[in-house]
Protein chains: 4
Amino acid sequence: MPKVTASIKIVPAVDSKDIHGVIDKAIEHISKWGMKYEVGPSNTTVEGEYEVILDKLKELGKHMESLVDRFVMIVDFDYKRGGISIDEKVSKYR
Amino acid sequence: MPKVTASIKIVPAVDSKDIHGVIDKAIEHISKWGMKYEVGPSNTTVEGEYEVILDKLKELGKHMESLVDRFVMIVDFDYKRGGISIDEKVSKYR
Amino acid sequence: MPKVTASIKIVPAVDSKDIHGVIDKAIEHISKWGMKYEVGPSNTTVEGEYEVILDKLKELGKHMESLVDRFVMIVDFDYKRGGISIDEKVSKYR
Amino acid sequence: MPKVTASIKIVPAVDSKDIHGVIDKAIEHISKWGMKYEVGPSNTTVEGEYEVILDKLKELGKHMESLVDRFVMIVDFDYKRGGISIDEKVSKYR
């Protein structure tokens, strides 16, 4: 499958004051996937092969499990035949 | 990792009249995963091992690719240490 | 505008053990809106006039504010010209 | 209620080639709300009073209704006591 974008949002079940610390660790993990990524106000978007992203999400899940007892993770994939990029979607607005 | 729930929403880029046909095919695919599943008004929730769900999503992506040129897929995972089930979340409301 | 469905998910920033108590209070609030509703494993779906749902969400926000210091609320609207119902989307799967 | 962020994603039920045209019109509409906003790869985030955003969403719904026969709209609110801003969430990553 071609390149897709995947926007990843994690909400850990922790006290309000601890949320950003946990999210920072999730973003640090994603930043090491070797994919283009962009941190936004509600999620972090990566650009990469669909299957590779799913495998990386396995590692991210294990990482989160090491940090908190409960979390919600919402992954929003955008698939387009031939591939799609972050730039294609936002460049005209920057 | 323990059992999680994953709620899967697919929005295919097709004309209004064709949406439900494509979504029915996605649900049919999910129904064959061998996991407990429940179809809701905004998504379909499965209950299973986190890694297995991610592998099944690879197949679902390929299946969708065979049906439409573009789609959005949003997967909402709920992880709880020790595992979580659909029943645990909805039984008191049924 | 015609009837839409709106699936409401709330993730409060509280400890894992306290999540379901807060979500139960949110569902109890929604159950008093006077709209058809259905509790699912990842969200609660209501069926009603678009503008009325938005006004009810104002009250729900205030209610949540009285309960917790931080929360994420995700509302997933499905609009179809002429109106759409929960039954129309799930009846064949029940 | 204090300032919240709301990330708005719209998926119109139109052919793949027409999606970006419709989304551009939705973003143009949001850009006139008089709120700080940021276009991202999977949604557009605004920063404003909770109730005001809900009222603006009424207008956005009507605008979408004038453009397409069906659409999904997902709005992801982040509420924090005392208020939250887009900058607070992303500045260290820019």
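Predicted model: local features only at pLDDT ≥ 70, side-chain atom pairs only at ≥ 80, totals over all residues.

A: **The contact between chains C and D**

The contact draws 23 residues from chain D and 23 residues from chain C. On the chain D side, the elements that give two or more residues are helix 2 (50-67) and strand 4 (70-80). Strand 4 of chain D makes the largest share of that side, with 11 residues. Sorted by class, the side of chain D that touches chain C has 12 nonpolar residues, one polar residue and 10 charged residues.

How are the two copies of strand 4 arranged, and how many bridges join them? Strand 4 (residues 70-80) of chain C and strand 4 of chain D run antiparallel, joined by 11 bridges. One pair in this arrangement can be picked out by name: Phe71(C) has Tyr79(D), in strand 4 of chain D, as its bridge partner.

Now follow strand 4 of chain C back into its own chain. There, strand 4 pairs with strand 1 of chain C in the antiparallel sense, over eight bridges. As an example, Ile10(C) has Met73(C), in strand 4 of chain C, as its bridge partner. Strand 4 of chain C is therefore bridged to strand 4 of chain D and to strand 1 of chain C, while a general point about side chains also applies: in a regular strand they alternate between the two faces of the sheet.

Strand 1 of chain C has a further partner. Six bridges link it to strand 3 (residues 44-49) of chain C, and these two strands run antiparallel. In this pairing Val4(C) stands opposite Gly48(C) of strand 3. Is strand 1 of chain C enclosed or open to the outside? Nine of the 10 residues of strand 1 (residues 3-12) of chain C are buried, so this strand is largely enclosed by the rest of the structure.

Chain C also touches chain B. That contact takes 17 residues from chain C and 17 residues from chain B. The elements of chain C that give two or more residues to it are strand 1, strand 2 (36-39), strand 4 and helix 3 (86-90). By class, this side of chain C has five nonpolar, seven polar and five charged residues. A rotation of 180° with 0.0 Å of shift along its axis superposes chain C on chain B, with an RMSD of 0.0 Å. That is the relation of a two-fold axis. Within chain C, the residue that comes closest to the rotation axis is Gly40(C), at 3.4 Å for its C-alpha. Here too the copies meet through the same surface, because 100% of the interface residues of chain C are also interface residues in chain B.

On the chain B side, take Tyr37(B), which is found in strand 2 (residues 36-39) of chain B. Tyr37(B) is buried, with 20 other C-beta atoms within 10 Å. Leaving aside residues up to four places away in sequence, Tyr37(B) touches Ile30(B), Ser31(B), Thr44(B), Thr45(B) and Val46(B).

The nonpolar core is the next thing to consider. In soluble globular proteins, nonpolar side chains tend to be buried together. The largest nonpolar core in this model has 88 residues, and those that touch the most other members are Phe71(A), Met73(B) and Met73(C). Phe71(A) touches Ile10(A), Val11(A), Pro12(A), Ala13(A) and Met64(A), and also Tyr79(B) of another chain, not counting residues up to four places away in sequence.

The C-alpha trace of chain A spans about 40 × 30 × 20 Å along its principal axes. Buried residues account for 47% of the 94 residues in chain A.

Methods. Residues numbered from 1 in each chain as written. Chains lettered and ligands numbered in written order. Core = buried A, V, L, I, M, F, W, Y, C linked by C-beta atoms within 7 Å. Buried ≥ 20, exposed ≤ 12 C-beta atoms within 10 Å, placed from the backbone. Contact = placed C-beta atoms within 7 Å. Helix = DSSP H or I, 4+ residues; strand = E, 2+ residues; numbered from the N terminus. Nonpolar A, V, L, I, M, F, W, Y, C, P; charged D, E, K, R; others polar. Pairing = 2+ DSSP bridges. Least-squares fit on C-alpha atoms with pLDDT ≥ 70 in both.
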